[in-house]
Amino acid sequence: MLTKEEMPACPVATTVQLIGSKWKLLIMRNLLAETQRFGELKKSIPGISQKVLTDSLRSMEEDGIITRKVYAEVPPRVEYSLNELGESMRPIISAMEQWGTAYKNNQQN
């Protein structure tokens, strides 16, 4: 997790730094709908590699956006979900969805 001194001065830049990658936004989109396992996330995000998914999930966990829950089973089961901070991004992702829908509709006219 970044310290206050390491964060950009601009609040928009801070947000972009935390969730600005294409993959992190798609992971958040999926986790806003439901808790998911690694394999479910991988299948539901076309084009994402295992390495990028792993790195993105680790980064999001370190930044305090998602929670990783490991179940003591054989084989181990790991689930990812948004925590309270991650859930606070819901209105932002929703606004992006609405804007994207409106843009696509305008392009078809």
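Predicted model: local features only at pLDDT ≥ 70, side-chain atom pairs only at ≥ 80, totals over all residues.

Residues are numbered from 1 along each chain as its sequence is written, and side-chain values use heavy atoms, with hydrogens and water left out.

**Overall fold**

The protein has six helices and three strands, where helices (H or I, at least four residues) and strands (E, at least two) are DSSP runs numbered from the N terminus. Their order along the sequence is α-α-β-α-α-β-β-α-α, and the C-alpha trace spans about 55 × 40 × 25 Å along its principal axes.

**Helix packing**

| Helix pair | Axes come within | Crossing angle |
|---|---|---|
| α1 (residues 11-19) and α2 | 7 Å | roughly 80° |
| α2 (residues 22-33) and α4 (residues 50-62) | 10 Å | roughly 75° |

The helices α1 and α2 are therefore roughly perpendicular to each other, a term that covers angles of 65 to 115 degrees, whereas under 35 counts as roughly parallel, over 145 as roughly antiparallel and the rest as oblique. Their contact (heavy atoms within 4.5 Å) is made by Gln17, Leu18 and Ile19 of α1 with Lys24, Leu25 and Met28 of α2. These residues divide into four nonpolar, one polar and one charged, where Ala, Val, Leu, Ile, Met, Phe, Trp, Tyr, Cys and Pro count as nonpolar, Asp, Glu, Lys and Arg as charged, and the others, Gly among them, as polar.

The axes of α2 and α4 cross at roughly 75°, and that makes α2 roughly perpendicular to α4. On the α2 side the contact uses Trp23, Lys24, Ile27 and Met28, and on the α4 side Val52, Leu53, Ser56, Leu57, Ser59 and Met60. By class, the residues of this contact are seven nonpolar, two polar and one charged.

**The largest pocket**

Which residues line the largest pocket? The lining is formed by Lys22, Leu25, Leu26, Arg29, Leu32, Arg90, Ile93, Ser94, Met96 and Glu97, and α2 and α6 (90-107) each supply at least two residues of it. By class the lining has five nonpolar, one polar and four charged residues.

**Two loop residues**

Asn83 is placed in the loop between β3 (77-82) and α5 (84-87). A polar atom of the Asn83 side chain lies 2.8 Å from the backbone oxygen of Gly64, and the side chain of Asn83 also reaches the backbone nitrogen of Gly86 at 2.9 Å.

Pro75 lies in the loop between β2 (66-71) and β3, and a cis peptide bond with omega of about -5° joins Val74 and Pro75.

Terms used: Axes fitted to C-alpha atoms, helices over the stretch in contact; angles between N-to-C directions. 1 Å grid on protein atoms, 1.4 Å probe; cavity = no way out; pocket = protein on both sides within 12 Å on 5 of 7 lines; lining within 4 Å. Polar contact = N/O pair within 3.5 Å; in protein donor to acceptor, adjacent residues only side chain to side chain.
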